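Try each task before you read its solution.

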Amino acid sequence: MIPFDYERAMGAASAVAMVTGHSGAAFLAGGTNLVDHMKLGIATPDLLVDISKLPLDTIEELPDGRIRIGATVRNSDLAAHPLIRQRYPVLSQALLAGASGQLRNMATTGGNLLQRTRCVYFQDVSTPCNKREPGTGCSALGGYTRNHAILGASDSCVAVHPSDMAVAMAALDAKVVVLGAHGKRSLPLTSLFRHPGNEPNRDTTLEHGELIIAVDLPAGTSSLSAYRKVRDRASYAFALVSVAALMDIDDSGTFREVRIALGGVAHQPWRAERAEEVLRGAEATEENFRRAADAEHIRLATAGQRFQNTHGPQHHGCGASPARRRAEQWLNCSNRRLSAPVSGVWTVWQKCGVPHATPSISRWKIPPTCILSSPPSRWGRSARWTQVEPRG
């Protein structure tokens, strides 16, 4: 680890001033991602400005009904907060699906959003990586790409954003409150992240020295929501694929509103806008679920084929392009039904296929082919579909 200076900020404005005025400075909160990168030689700040003691660790209801989450609220505290559990259970589920209990006790809201990709080439300083060292090339192209992007990638980078929390917040239409040298501003969470383009080293639209001070959740929420995650093991694993879904259905069974965000497939939480458009104003029937899935499948399959046409098969030990394989996973699973007992509410549409238009979000019986498009033996290990519910 390189030598560095350490300063503890006495206020948010002073923290912003210190980092803005020093090109090699970085904010430090929980440190669960930054400190690891400093040990690996990925990040080399020469000044750390500690913001962990700033009064940004509260969760409060604003007069207009919005919920404001301070940037240094710990992930475990956010997941367990009564307001979050009651009004935004999808966010609590997503948080509990991420990392481990120990890491959630340290990780902060702002840091979770700003965590960097877990691409194996990004974390290996001996390999070329445009995100780590611009202009050196992308080792993932032609390399191991099982966990890489199938949407929004560029010729310079195919890494994905690893956050579970961010996927739920994207579906909730959260807004990020940022403080910079020129004052405070608010932006949609989906606008925080940027396409990799020719500058994959820039993960976000933030300027150097800008500090996330809060995340605002809109007043109220859909009556139905859930977060689902496909990963290699039941805990402490990043998503191969995840989805956060929120639905508002009237008494006649028609969608008034639906919001769907995907994780593990792009450089940012990816809103399934085509599927949302199909479902709004439609009845909650199996046929419409299939139409919505098909609309998003076309978008994903087209992206996967375009990526393969540009770069050829990206082998990862399975003998097929991951982009094509993961696009096929959508298509293969969409024709299968996921059976579930009736519990009085409609099931949410989800990434791995189309549920029955029978009501349940409690227990799932999922065919193995809806988790893997290839036999587990070809993967070397099998993925798991997990459902996480907040503890009572």
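**Exercise 1.** Find out how many residues of strand 9 are buried, and which strand pairs with strand 9.

Solution. Strand 9 spans residues 224-231. Strands here are DSSP runs (E, at least two residues; helices are H or I, at least four), numbered from the N terminus. Buried means under 20% relative accessible area, exposed over 50%, partly exposed in between (1.4 Å probe, protein chains only). Eight of the eight residues in strand 9 are buried. Leu224, Ala226, Arg228 and Val230 point one way; Ser225, Tyr227, Lys229 and Arg231 point the other. Next, the partner: strand 10 (residues 241-249) pairs with strand 9 in the antiparallel sense, over seven bridges. Pairing takes at least two DSSP bridges. Val230 stands opposite Val241 in strand 10.

This is a predicted model: local features need pLDDT of at least 70 and side-chain atom pairs 80 or more, while totals for chains, interfaces and linings use all residues. Numbering runs from 1 along each chain as its sequence is written, and side-chain values use heavy atoms, without hydrogens and water.

**Exercise 2.** Classify the aromatic pair of Phe255 and Phe289.

Solution. Rings of Phe, Tyr and Trp (its six-membered ring) pair with centres within 6.5 Å; planes under 30 degrees apart are stacked, over 60 edge-to-face, the rest tilted. The count is one aromatic pair. Phe255 and Phe289 lie 6.0 Å centre to centre, with 85° between the planes: edge-to-face. Phe255 is in strand 11 and Phe289 in helix 11, so the pair ties together parts 34 residues apart in sequence.

**Exercise 3.** Is Asn75 buried or exposed?

Solution. Asn75 lies in helix 3 (residues 75-80). Its relative accessibility is 5%, so Asn75 counts as buried.
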